[in-house]
Amino acid sequence: MIDRAFIGVVSEPRHVEVEKGQLKFFAKATGETNAIYFDEEAAKRAGHRTLPAPLTFMFCLASATPAKRGAVFGDMGVDQARVLHGEQSFTHHAPIYAGDVITLVTETIDIYSKKEGALDFIVQDTKATNQEGVLCGEMRFTVVVRNQVS
Amino acid sequence: MSEPFAFRPGAALPELMRGPITRGTLALYAGASNDHVMLHIDSDFARAAGMGDVFAHGMLSMAYLAQLIAQVAPAENVRSWKVRFLAITPVHATVRCSGEVLDVYEAEGRALARLRIRTTIHTGVTTLEGEAVIARS
């Protein structure tokens, strides 16, 4: 059972640079065929200033910079062997580009149980802001923890 | 896009196939996505956790769904989208991404469309299902 005291906890701001090489690697790993995601010239021809981050990459930036406060695999003490991704949503306001330095702040919105405690759900909202203070996007992550039931 | 997609309620998005998802795919995705949860990359770890074998990151299928949407709208037109992860995607799965237009409407002066999106694997199981709100122009 996850300590409900984590509800409302807001993480410290975490800063992460969007690396061009990693965007190219992500494109390869996801079978991306749209060259704007791995060829800078193609991105520029399409009107982008450099490689844009694909829509789910905000999640990868958060994975790269786990919070010290209110972290599922940190102070919440969740075992990574017991998790399943439940739901994920994104709201996009402005593109994220290679070279951007993104600041992430995560708030734990809810923690609840189902199936008589066999499953715990943790809901976290993360805001991503770029180096110019522009809110690029927001995401909501719901993770399911499979508890050992005797 | 050679011809612009006609946003009409019920119109089907062009399907997108990805996979088969190999252990190599999972290793690459783990590295590229910073998601190092061992359930996806270490078979011994996955078995000890009672999962039988490694399985794909849900976010890999969600990345495929972004590519599905990109066939009808550039990424900057995507306002919001969400999925529920309904079933795990086992290693060796092939993933079919599909979707339809649910409705078209105007809001805050913009022409929007709401899409139903999903991934279905080769066994017929729907693994992800959700919706996206996109600007039509």
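**Figure 1. Helix H3 of chain A is mostly covered.** Helix H3 (residues 57–64) of chain A has 6 buried residues among its 8. A residue is buried if 20 or more other C-beta atoms lie within 10 Å of its own, exposed if 12 or fewer, and partly exposed in between, with C-beta atoms placed from the backbone. The buried residues of H3(A) are A:Phe57, A:Met58, A:Phe59, A:Cys60, A:Leu61 and A:Ala62. In chain A, 34% of the 150 residues count as buried. The model is predicted: local features need pLDDT of at least 70, side-chain atom pairs count only at pLDDT 80 or more, and totals for chains, interfaces and linings use all residues. Residues are numbered from 1 along each chain as its sequence is written, while chains are lettered from A and ligands numbered from 1 in the order in which they are written.

**Figure 2. Chain A is divided into two parts, domain 1 and domain 2.** Domain 1 covers 4–18 + 53–146 and domain 2 covers 20–50; such bounds come from an automatic or database domain assignment. The centres of the two domains of chain A, taken over C-alpha atoms, are 24 Å apart. Across the boundary, 8 residues of domain 1 of chain A are in contact with 6 residues of domain 2 of chain A. Two residues are in contact if their C-beta atoms, placed from the backbone, lie within 7 Å. The side of domain 1 of chain A that touches domain 2 of chain A has 7 nonpolar, 1 polar and no charged residues. Here Ala, Val, Leu, Ile, Met, Phe, Trp, Tyr, Cys and Pro count as nonpolar, Asp, Glu, Lys and Arg as charged, and the others, Gly among them, as polar.

**Figure 3. Chain B is in contact with chain A.** The contact involves 32 residues of chain B and 29 residues of chain A. On the side of chain B that touches chain A, helix H1 (23–33), helix H3 (58–70) and strand S2 (78–85) each supply at least two residues. H3(B) gives the most to this side, with 9 residues. Helices (H or I, at least four residues) and strands (E, at least two) are DSSP runs, numbered from the N terminus. Strand S2 (residues 83–92) of chain A runs antiparallel to S2(B), and 5 bridges join them. Two strands pair if DSSP finds at least two bridges between them. One of the bridges links A:Ser89 to B:Lys82.

**Figure 4. Strands S3 and S4 of chain B form a hairpin.** S3(B) and strand S4 (residues 110–121) of chain B pair in the antiparallel sense over 12 bridges. B:Asp103 has B:Arg114 in S4(B) as its bridge partner. Between S3(B) and S4(B) there are 2 residues, and B:Glu108 in the turn has a positive phi of about 50°. Strand S1 (residues 16–18) of chain B is joined to strand S3 (residues 95–107) of chain B by 3 bridges, and these strands run antiparallel.

Figure 5. Most residues other than glycine have a negative phi, and most peptide bonds are trans. The peptide bond from B:Gly19 to B:Pro20 is cis, with omega near 0°, and B:Pro20 is in the loop between S1 and H1 of chain B. A:Glu116 has a positive phi near 50° and is found in the loop between strand S3 (101–114) and strand S4 (119–129) of chain A. With 8 other C-beta atoms within 10 Å, A:Glu116 is exposed.
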